Amino acid sequence: MTDRPRARISSRKQPKQARSTELVAAILDAAAQVLAREGAHRFTTARVAERAGVSIGSLYQYFPNKAAILFRLQSDEWRQTTDMLSGILAETQRPPLDRLRSLVHAFLRSECEEAAMRVALHDAAPLYRDAPEAQAARASADRIIELFMQEALPGVPEATRALAGDLIVTTLATVGKQFSEAPRSLDEIGTYAEAMADMFCGYLGALRPSSRDVRDLVGVGTGN
């Protein structure tokens, strides 16, 4: 039995002129609106073209199918998340757990602000999640987490650091999706994020070999 061929998810061509760039931007903006309103199961290229006010032929010049549009939206979302990870976790002048706490707050706010589209993208993931392009896009975020865990847990075995990083990322993604499915106030988001950050910080602190190490991790002076 042969595997079914994967749908092509790469764009047909990259816009080079201002007019082409504007056309692609209009298509992606329309796609985001259709996805948030209709969901992944009712998402079609015809609906996107109609919403963008362009012909289906113009859309196909840049995107060969709906999977390619959805992957572009997902890639943009991954890029934003990677930029957020890098911007917060790379602030080495701040203690690691302080950065992790900031990341949890920023991530949950981001999930709630764009909940409809993020939930729909999650539903559309089977169209592209196993493609090489998707794996490459996730690799950069994985590397950021790996470097952070090396800094946050020095002297801890690599396998333990990898497990800790995977648990944090998986919990953030899963809980963030579920939490954002209902409307949330800023106070609710802040309270939930603080509790989750406490859980993560307690977990990483427990992996360190001594209380002095834990104080160093959170940036608390010993008074000596």
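Modeller: Buried means under 20% relative accessible area, exposed over 50%, and partly exposed in between, using a 1.4 Å probe and protein chains only. At 21% relative accessibility, R101 therefore counts as partly exposed. This is a predicted model, in which local features need pLDDT of at least 70 and side-chain atom pairs count only at pLDDT 80 or more, while totals for chains, interfaces and linings use all residues. Residues are numbered from 1 along each chain as its sequence is written, and side-chain values use heavy atoms, with hydrogens and water left out.

Biologist: Which side chain does R101 meet in a salt bridge?

Modeller: A salt bridge is a side-chain nitrogen of Lys or Arg within 4 Å of a carboxyl oxygen of Asp or Glu. R101 meets E194 at 2.8 Å, N to O. This pair links distant parts of the chain, with E194 in helix α9 (residues 186-207) and R101 in helix α5, 93 residues apart; helices are DSSP runs (H or I, at least four residues), numbered from the N terminus. E194 is partly exposed, at 32%.

Biologist: Which residues line the largest cavity?

Modeller: Rolling a probe the size of a water molecule over the atoms shows where empty space is left. On a 1 Å grid over the protein atoms alone, a cavity is a set of points where a 1.4 Å probe fits but cannot get out; lining residues have an atom within 4 Å of a point. Here the lining consists of L89, L100, L103, I145, F148, M149 and I168. Its largest share, three residues, comes from α7.

How values were computed: 1 Å grid on protein atoms, 1.4 Å probe; cavity = no way out; pocket = protein on both sides within 12 Å on 5 of 7 lines; lining within 4 Å. Helix = DSSP H or I, 4+ residues; strand = E, 2+ residues; numbered from the N terminus.
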